[in-house]
Amino acid sequence: MQSVDKVLYTGKTHVVGGREGHARSDDGQLDVTLSPPGSGRPGTNPEQLFAAGWSACFEGAMKKAARGLQIALPAGTAIDAEIDLGLAGEDFQLQARLTVSLPGLPREQAQALVEQAHRTCPYSRATRGNIGVRIDVV
């Protein structure tokens, strides 16, 4: 495991009840009811939270990559993330798809930007080699 040289931030949460419980951050900024996927009950689930976190982080990595490549990140940049919870044999497994929209950016620049972001985004790095990931530029 690669260690961190300098901690920039630590997100802290407390969860009670698992997928049918409640999650709250230590600063109170996150305070959500949890419910199993597809249950129809009020609340979100870990897969939605993971999708939102990865998308936000990935856009941050694209901003950094854009600065390095001297490309202006276009207005309307968006990321749609899909996180699947499934089975691999008898074990639970995740897989992910990110669809990145960079309106008006030439295809080659958009692809280079996304590839650089995928190399540096902490979520992308954490999942690399652990789950199936597909990233499409539209």
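These legends go with a set of close-up views of a predicted model. Numbering runs from 1 along each chain as its sequence is written, local features need pLDDT of at least 70 and side-chain atom pairs pLDDT 80 or more, while totals for chains, interfaces and linings use all residues. Side-chain values use heavy atoms, with hydrogens and water left out.

**View 1. Phe50, Trp54 and Tyr123 make up one aromatic cluster.** The count here is 2 aromatic pairs; rings of Phe, Tyr and Trp (its six-membered ring) pair if their centres lie within 6.5 Å, and planes under 30 degrees apart are stacked, over 60 edge-to-face and the rest tilted. Phe50 and Trp54 are a tilted pair, 5.6 Å centre to centre with 50° between the planes. They sit 4 residues apart in helix H1 (residues 46-69), so about one helical turn separates them. Helices (H or I, at least four residues) and strands (E, at least two) are DSSP runs, numbered from the N terminus. Phe50 also pairs with Tyr123, again tilted, at 5.7 Å and 40°. Tyr123 belongs to helix H3 (residues 122-127), so this pair ties H1 to a part 73 residues away in sequence.

View 2. Phe50, at 22%, is partly exposed, and Tyr123 is partly exposed at 29%. (Buried means under 20% relative accessible area, exposed over 50%, partly exposed in between, with a 1.4 Å probe and protein chains only.)

**View 3. The largest nonpolar core holds 23 residues.** Such a core is a set of buried Ala, Val, Leu, Ile, Met, Phe, Trp, Tyr and Cys residues joined through side-chain atoms within 4.5 Å. Trp54, Phe58 and Met62 are among the residues with the most contacts inside it. H1 gives the largest share, 7 residues. Strands E4 (78-88), E5 (91-101) and E6 (132-137) and helix H2 (107-120) each supply at least two. Beyond its neighbours within four places in sequence, Met62 is in contact (heavy atoms within 4.5 Å) with residues including Leu73, Ile79, Val100 and Leu113.

View 4. The interface has 1 salt bridge, meaning a side-chain nitrogen of Lys or Arg within 4 Å of a carboxyl oxygen of Asp or Glu.
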